[in-house]
Amino acid sequence: MTWLHRFCVVLICVLVAPVVHGQVDVGEQPAGIETPPISKAVLRKLEAPYLDEDERRDLRIFHGLWAEPDDEIVADRARIALMIGVFDDASLMDDAAAAEDRAEAAVIRGDLRSALDMLTGHQSMRARRIRAEALEGLGRFAEADAAIDPVVSTLQRNRLTTPEELHEGVRALIIRARLQGRTTGDYKAMVQLLSQVHQEMDRLYWPAILTEAELLQDKSNHAESSTAIGEVLKLNPGAARAWYVIGMMHVQTFGFAMAEECAAMLDRIARRLSGHEAYEHPYANLIRARLWMRQNDPDEAERCLMRVLDRFPKMREARALECAIAALRFDESLTSERLAAFDELSSGSPVALYEVGRTLADARQYDAAAQYLEQASSRQPNWPQPIIELGLLEMQSGNDERAHLALTMAQRLDEFNVRARNSLRLIEELLQWDTVESEHFVVRYQPGESEVMASEMLGPLEHIHELASEAFDHEPDRKTVIELMPDHEWFAVRITGMPAIHTIAACTGPVIAMEAPRDGAKHFGEYDWVRVIRHEYVHTITLSRTRNRIPHWFTEAAAVYLEGTPRDYMRWKMLAAELDAGTLFDMSEINIAFVRPKRRQDRSLAYAQGHWMYQFIVERWGGRAALDLMDLYAAGVREEEAMCTVLRRSRDEFHADFLDWARKDLEAHGMHPSPSLRELRLQETLNDPESAEGLMTELERYAASTAHRLTGGTAGSAWEPELAEVRSDRVDWWLQSHPDHPDLLEFVVHELLAFTDGEPVPEIIPQLEAYAQARPVDDMPHRHLAKLYLASDTPEKAIPHLEYLDIREQHSPAYAIELARRYATLKQWDKAASKALRATQIAPFDADYREFAATVAIRQGELEDAERHIRALTRIEPNRDIHQKRLEKVIEMRGG
């Protein structure tokens, strides 16, 4: 569970309600979620005897603990409406409300010119800040900057004496930082001033902590921002902006369920004041719109967004998102039309261009995204966000020089942004690395020991290109860059800009980053890099063929399909269990599961199920169907329409057909025998009169319980009948009728192994072979058979079982090196060399495997391969002189 989940599990069910015995009364809550108490300091302050009723009411409003507002006191209702986000409440249109409250709500609604009119004659710190915000939104940057001058002058004279004034001064400085780009000194000053507000002037002044949280989020410092939001909600559980910030963090980190919970919370907060059960908070629907955009569903995103724009047609954030949704549809004409409409509202504003640019960057539309981000930056050159996104985008697309230029500029504008700082450090390092090249690849590596592996990669890479380009009838228009990261931290920064990610290789299109396969504290371990890069290079090709518009599950499915290795037994069992339980993903869930799994097995299941569905497409419609789907995706056609065109099935119909096919596929691989073991046990129970009578009694009792529940009674537990026990004598009896039943044969094997404490003995070879034939996807009998034959007088009989195991192995060279030794014993040098090579590819820095591979190469007569392995040994073990002597000898043998 991430820090974001841990935080929200505690806070998500807080409702804005009166204090009852020191806690917020939230009513009925979901099981397992605790309501955090309001800060005791807030309660003590509310109970202070020196407060009069007006002061106490003012404090209750400030901390979100208001009772039903008095409609006659318009100013109080307006404060509440602004705080909880009911921006169209009548009180915020009433002249009796404070001008600053009315103007602030107008700015959020997008009525910027009206806000300026409301502030005429008002010169408070807050009024000046709101005026600057409105002018900035209109694209009148020079006027906005000038509006902040008096605020800065007052700050410099240290004339601010209240928390509110100092806090507003900081908010004005944040606007100036965007306008002028002086973030280094300003950021430190802003943090210091905010700390002064909530640590020295008033520890309960939550608006300052909220501003600090937003400032930290702007710097990609999500952990500290989350902590600050937690403090805000203890002081004011009804602060709508706080819930919006935490909801947006969840969207950014693919925490879709928690983001929806935050949106639901915002709706519940707003409904208490609005009085309408169907009232939807604008921030809630902005979260939902971004949530659906993150899932690449522009239709649903637009439906959510329209519920905001119907009420607030000028809200700038919503109008900017409207432009971004058009871009996500890959509709250039509509995008331009909406951007032009946004410019009519806010001529010169970069906000909509920035939203379009970063949305297209997320969708890997790198060239178009770069153009929009450059336009956004040209409109407001001192705003760092477009430059940061541009730098990160250029890194992912392999444009290193442009990435370095952009990130250097971003660092000058904002040296505190964590992602930008990490990425600049990485790109500066990468530009110093060495490279080796072939026709279709560039391998970049850190000088030193990494050269051992990098120098050997080009041959296998070109073979991978030949396979993948033929399979998908496409070649990328540029060389693919393979970046060989020396350890896991460097790899994580390369992919995400943050030093924490849980994988070993990743493709961003023209760039594939991979961690060197080796053991150690800073590494993820050894692995079959050829298989992994084959997977990732399929992404490069399918993304290129579809202009990066392929559904996530489909590109992953194609990549697994071309790995060319059988599905392992663990995944077969997982697929069978999920199919039986009815928990395979639908067509929407599967895309989310790759990036934000809800259960421990969900990410693995998404890969396995996607591969299974791709197999179904190829088997039912042929391999060309997959390519035809890709062509439609490249044209911007969404998945539903594409499937209807190529497969003549809607997504739901395709999924239903797939489930039917999947059951038959399981049966064909011994995973769904007929009759099932459960059916055999049930039949045995019914054959016994006494057991059958007991079963009928249980069934009648359960039926009565179900009827009671359906008529309003308490629900009972699900009925599970007591079936006949699986015993050796019954299994023997069942095998007479079903001699090839895999479950029964597996039972026999386990029973026999139990007699020998799990160690296989030669006497059970017939049973192991029978089970292996009945269920060809289980590796267990092959492991036992390989062990038995290796210990026998005929070790060569272990070879087919070792081959079975090796082709499925991804992380260990053990099977490959044993096969190499077996083939060497048989003097089958070509096969021995092939397996020795595979062992050195899984563990390229293992000296023992290198020595064996060199020995086999010499016996095979392949002195070039022998030289390569021995040269690698001089790098791996530079202090062993024997390697250099052997290298000189081999070079001499080659006539060098």
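Angles under 35 degrees count as roughly parallel, over 145 as roughly antiparallel, 65 to 115 as roughly perpendicular, and the rest as oblique.

I'm working on a predicted model, where local features need pLDDT of at least 70, side-chain atom pairs count only at pLDDT 80 or more, and totals for chains, interfaces and linings use all residues. Numbering runs from 1 along each chain as its sequence is written, and side-chain values use heavy atoms, with hydrogens and water left out.

**Helix pair**

I looked up H9 (residues 163-180) and H11 (residues 206-218), which pack at about 20 degrees with axes 10 Å apart. H9 and H11 are therefore roughly parallel. Axes here are lines fitted to C-alpha atoms over the stretch in contact, and angles run from 0 to 180 degrees between N-to-C directions. Helices are DSSP runs (H or I, at least four residues), numbered from the N terminus.

Who touches whom? His167, Arg171 and Ile174 in H9 meet Pro207, Ala208, Thr211 and Leu215 in H11 (contact means heavy atoms within 4.5 Å). I get 4 nonpolar, 2 polar and 1 charged residue in this contact.

**Second largest pocket**

Next I checked the second largest pocket, at about 630 Å³. A pocket is an open set of points on a 1 Å grid over the protein atoms alone where a 1.4 Å probe fits, with protein on both sides within 12 Å along at least five of seven lines; lining residues have an atom within 4 Å of a point.

Of its 29 lining residues, Arg364, Tyr366, Asp367, Arg547 and Asn548 are the closest to the centre. Which helix gives the most to this lining? H20 does, with 5 residues.

Conventions: Points joined across faces, edges and corners; volume = space filled by probe spheres on them. Helix = DSSP H or I, 4+ residues; strand = E, 2+ residues; numbered from the N terminus. Nonpolar A, V, L, I, M, F, W, Y, C, P; charged D, E, K, R; others polar.
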